Amino acid sequence: MSANPKSLAGYDVERVRRDFPILAREVHGKPLVFLDSAASSQRPASVIGAVDEYERLHHANVHRGVHQLSQEATAMFEQARERVRRFVNAASTREVIFTRGTTESINLVAQSYARPRLKPGDEILLTMLEHHANIVPWQMLCEEKGARLAVAPILDSGEVDLAALERLLTPRTRMVSIAHLSNALGTVLPVKRIAELAHAAGALVFVDGAQAVPRMPVDVRGLGVDFYAFSSHKVYGPSGVGVLYGRTELLDAMPPYQGGGDMIRSVTFEKTTYNSLPYKFEAGTPNIAGGIAFGTALDYVTGLGLARIEAHERDLLAYATESLAAIPEVTIVGTAPEKAGVLSFVLQGVHPHDIGTVLDREGIAVRTGHHCAQPVMDRFGLPATARASFGLYNTREEVDVLAGGIRTVLRMFR
Amino acid sequence: MSTDLRDLYQEVILDHSKRPRNFRSMPEADRRAEGYNPLCGDRETVFVDMDGDVVKDVSFQGAGCAISTASASMMTESVKGRTRAEAESLFERFHDLIVGKGGESGDESSQLGKLAVFSGVREYPVRVKCATLPWHTLKAALDGDGGKVSTEDEGPKAESGGA
């Protein structure tokens, strides 16, 4: 039985859905069933309203003017930074760098922290689960520096092989860079444990938290990580904004990533003195409206309660796993005991691309392809999978529509 | 199932995707090329055996979606026995058909023969690359590049689509 809108104490998903204007629309004449939040989540009206209000009433450049509008814009932008700090429990707003997104945050650390320090023969340790964004920046750096990329394998379940990871930690390991939650398989990584292992081996830890931050409470200090990155657009905020968290002493010791305005204290043609944290890493005019509305999105999530969101999505994932596993032609890819928000699957005899097209005509949005994680696909010998991913607004009824859509696909291609 | 899905997945296309023709390797073939669509991970190898300027035999192997498999299968049937120039001109007309260029004139359809069943692809811009992958690969084989082609080589404007 699927009708269960108030299954979790106080979590009224129907009411939550009314906060998201886009969920009222139809696609190909069918109600939209949006199961692609791992690619990008939808925005609540408060976030859309925050962009609108800022653009209508408060816009001016930040950190630059004595005039009223610039002061308002600056105050709003800096309030958003404080919201981010609180959301992930950073020690100070100096540790919260606004970037364009997780990808830029990773590149920033690769270029500003690792590049000046990496020596030939040094190692960067990743896992096989990583998104291309957490592979390519390190790979480029290793090529340039004659360093080596080491990769911890994954088990058939999609869990990281921790024993193998531990063996791959050597005195040459400088950085361990891992996802918190796999975008392709949904595996939750034991970040705290990996951070302990890495630190014991003398390496730093970078965490790609793009998928985890919308789905579970994250405490960067509790996890004991050195850097943590995530994106606004996966946590119900606008695209084009993200965060790099880094420990103050690490950030202080790093040269700027890009040169430009706002990151300087004084400039002459002979010498430039850099601004203090976090502005040292924020050259140029930022995405002001996006940053402010990002703060609004975090307020929205906090208002619902991350623990309740996590419980709601856990219920959805369990229900979806059960519903799809009941279809004999379905194989679920990624069966780790600790999973969240993501359900990857393949259908016997049907290519994921065809699944995606048929489901789309049913109004169901899923992602099909390699999910920017080709090494994961290679590990399972698949060219691609179909992936349903859940957000705080999805329902059991939508899972039923997905299961029905999959049966339609099978009728068509069998 | 909705009727417009039937426009894309016509019976002929489903039949060729389930039972692709000329689906075999030709190790002795004069020419071959490998096609790759990085957006969906599809890979196809096209083998061509020429007799002078004529395609004496053609086959393919690989893994792809229903559209690309059916397109490859029907392509091999369409170009066998044709000259290289005829095969290339067929690709041009096929391309025009699926991107919706040049209208739906009966003349066009008759020249394309059975390939006209792919006209439904025009309503699915992200699937255009699936249908053209085997043809791009055939062209690379005929050009004797012996190399690899990717659906992404033509840049963002070449064919509409995306991940």
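Two residues are taken to be in contact if their C-beta atoms, placed from the backbone, lie within 7 Å. In this predicted model, and leaving aside neighbours within four places in sequence, A:Val207 is in contact by that criterion with A:Ile178, A:His180, A:Val191, A:Val225, A:Phe227 and A:Tyr228.

A:Val207 belongs to strand β8 of chain A, which covers residues 204-208. Because 27 other C-beta atoms lie within 10 Å of its own, and 20 or more are enough for the assignment, A:Val207 counts as buried.

## The two domains of chain A

The domain assignment of chain A gives a domain 1 made of two segments, 13-42 and 305-413, and a domain 2 that covers 48-303. Taken over C-alpha atoms, the centres of domain 1 and domain 2 of chain A are separated by 28 Å.

Between these domains of chain A, 25 residues of domain 1 are in contact with 28 residues of domain 2. On the domain 1 side, at least two residues each are supplied by α11 (306-325), β14 (342-347) and α13 (374-379) of chain A, and α11(A) gives the most, with five residues. Divided by class, this side of domain 1 of chain A has 13 nonpolar, seven polar and five charged residues.

## The fold of chain B

Chain B contains six helices and four strands, which follow one another along the sequence in the pattern α-α-β-β-β-α-α-α-α-β. Of the 163 residues in chain B, 42% are buried. Among the contacts in chain B with a separation of 6 or more, 63% are accounted for by residues 24 or more positions apart.

## Helix α3 of chain B

Helix α3 of chain B runs over residues 66-79, and at 1.5 Å a residue its 14 residues should span 20 Å, which agrees with the 20 Å between its end C-alpha atoms. Since 13 of the 14 residues of α3(B) are buried, this helix is largely enclosed by the rest of the structure. After α3(B) comes B:Gly81, a residue whose phi is positive, near 85°.

## Where chain B meets chain A

Across the boundary between the chains, 16 residues of chain B are in contact with 14 residues of chain A. The side of chain B that touches chain A is made up of eleven nonpolar, three polar and two charged residues.

Methods:
Residues numbered from 1 in each chain as written. Chains lettered and ligands numbered in written order. Predicted model: local features only at pLDDT ≥ 70, side-chain atom pairs only at ≥ 80, totals over all residues. Buried ≥ 20, exposed ≤ 12 C-beta atoms within 10 Å, placed from the backbone. Nonpolar A, V, L, I, M, F, W, Y, C, P; charged D, E, K, R; others polar. Expected span 1.5 Å × (residues − 1). Domains from an automatic or database assignment.
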